[in-house]
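Here is my note on the two-chain model. Please read it with the coordinates open.

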Amino acid sequence: MNESISRIYSQVYKNIVSLRRQSFRMADVFIWPILYLFTLTFFVTYIGSDKSYLNLIILGMMGWRTIYFLNLEIVSTFMEEFWSKALPHMMISPISRIEFTIGSAISGLIKAIFVIILYLIITNILYGFWIPDWGTFILALGFLAVIGFSLGLFTLGLAYFFKHDAFNISFIIPDVIVLISGVYFSVESVYPSSILPFIRLLPTTQAFELLKSIIGFGQPNMILLILLTALWLVLAYLFNGWMYNRAKKEGKLARLG
Amino acid sequence: MDRAVTITNISKTFHSGKDAVKALVSVNIEIQKGEIFGLLGPNGAGKTTLISIMSGLISPESGTIIILGYDCSKQITDIKKHLNVVSGFTGVLNSLTCEQSLTYYGLLYNVPNLKTRINDVLKLTNLTPVRNQLAEELSSGMKQRFMLAKALLNEPDILILDEPTVGLDVESALSIRHLIKQLRSEGRTILLTTHNMFEAEELCDRIAFINRGKIMEIGTPTELKRHVVSNRLVEIHCSEDECVVKTLSKIKGVSASVKSANLVHVSVDSYKKMKEIMKALANCDSEIYSINEMEPTLEETYLKIINKKGKQNE
């Protein structure tokens, strides 16, 4: 096996193999997404709104889970090494910070895909939900995955230094995105026009607009989406590298003694 | 002998607000291939900072470290492939069995024929029976052996052992020391930090005493002991202690005293006096049962060097 691929695979192996013995992480894949799905879909069914709103909620949840898993998995993979005091073993190995991030992001992606398939099966059976445009759906999820990866890189940069606090932030970020990027609603209908230009300058807003456009709710600006996603990725990469070098300089990366 | 590690003028200062702590001050060390090199010093002396820099966890402020011909600041990934660390203070990954953990670490180092290598290191460390047990559930001694198994996976040319027997019972510490000796016989270069002087003396070819970030003295255990001792101490087991003391006290440069019944301690300023001592003892009325040279222990040597140089630096 190629050296780099072996190191990337090491993170996927660790996360997947340890999953069945970690009830908290198991619940994150099998319990919370289902509870969350039923909470929102039952509410929409209860208020008797248009079926298109039900579809909006289901699509929003799929997109949000993609960001959530990518971002959280990168940070929690690092934090679990830290919590078990095994972090120095990984940090003295030849794995680079990028190989580590890609490896943990892949295991996050596997979980996201699993949950999305689970959502598709459940919502198809219960509500007759189906994806009308698979090309746009996969493209939108692809953008959201890259954005989740960027957020993970950013939060990991914080984790090199702040450890527990950074982990808390990684939980907060996806929920803030729900609010400011209109995951379950149209941003135009909620935010004042003075704020809207800033909201639209978030790649998350544009990516969710693309996802919602499948069912006629969003109006994405594709050029803006591509540029902003690429910009966030570059900025997150640079920030992560800067924090890594600072932590290494100040002896906060990992401690042997 | 080739050099495995060359540390030149390494300095490191940690800043915390307005405070600055000098962790390392112009440290120079050379470690030869195949030797066990001991790094001894009190807590906070700079041992962990130095090995953290060597393993790429901390970047130095100034100076260079060359490991197996690779520059630590530019080629750390190459160095990491040939190096591994066992620390008495690190933990094991939760939720993974010993075998799964070793598979994970093997993938990190891209170990060829991983399954065979895992079998080998488990056998070497006597952990084969617990291969399917969760690593976190192992006893302290077993965990330390597991750390060694992990560190040997990539067959490192350089092994850093950071207090590998700390907190272990006598039996477990003994088995770790036995393993270290076995590794030396395989020709691996080992850097050992420990507070256990007996362990250092038993295992190390050369030792560096470090205190307050500075190297105080480097040498073989015998060289270090000679360095601090001005007079040789000889112990004589005899039947008439007073007679022996009286006889030997007549020799210039020799002072003798009764240590306990039938035991005389003799301080000699030079080995050349030994012939004179033997002659005098031959004419003495006492029976002589044995004559032994008393070496200072490494612990005494360590304390003398650390205290002496510490005072000089104040």
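Which side chains meet in a salt bridge? Those of A:Glu3 and B:Lys81 do, at 3.0 Å, N to O.

1. Basis. This is a predicted model, in which local features need pLDDT of at least 70, side-chain atom pairs count only at pLDDT 80 or more, and totals for chains, interfaces and linings use all residues. Residues are numbered from 1 along each chain as its sequence is written, chains are lettered from A and ligands numbered from 1 in the order in which they are written, and side-chain values use heavy atoms, with hydrogens and water left out.

2. Chain B overall. Chain B has 11 helices and 14 strands (DSSP runs, H or I of at least four residues for helices, E of at least two for strands, numbered from the N terminus). Its C-alpha trace spans about 75 × 50 × 40 Å along the principal axes. Of its 314 residues, 53% are buried (under 20% relative accessible area, 1.4 Å probe, protein chains only). Contacts are heavy atoms within 4.5 Å. Among those in chain B between residues at least 6 apart in sequence, 68% join residues at least 24 apart.

3. Interface extent. On chain B, 37 residues are in contact with 34 residues of chain A. The two chains bury about 3,300 Å² between them, 61% of it on carbon and sulfur atoms. Buried area here is the accessible area (1.4 Å probe) lost on putting the two parts together, summed over both. B:Leu57, B:Leu107 and B:Leu108 lose the most area in chain B, together 21% of what that side buries.

4. Polar pairing. The count between the chains is 1 salt bridge (a side-chain nitrogen of Lys or Arg within 4 Å of a carboxyl oxygen of Asp or Glu). There are also 15 residue pairs in polar contact across the interface, both residues at pLDDT 80 or more. A polar contact is a pair of N or O atoms within 3.5 Å; within protein, one must be able to donate a hydrogen and the other to accept it, and residues adjacent in sequence count only if both atoms are side-chain atoms. On the chain B side, α3(B) gives the most, with 6 residues.

5. B:Asn84. This residue sits in strand β6 of chain B. B:Asn84 counts as buried because its relative accessibility is 0%. A polar atom of its side chain lies 3.3 Å from the backbone oxygen of B:Ala151. Beyond neighbours within four places in sequence, B:Asn84 has contacts including A:Ile92, B:Tyr109 and B:Pro156.

How values were computed: Buried < 20%, exposed > 50% of the residue type's maximum accessible area, 1.4 Å probe, protein only.
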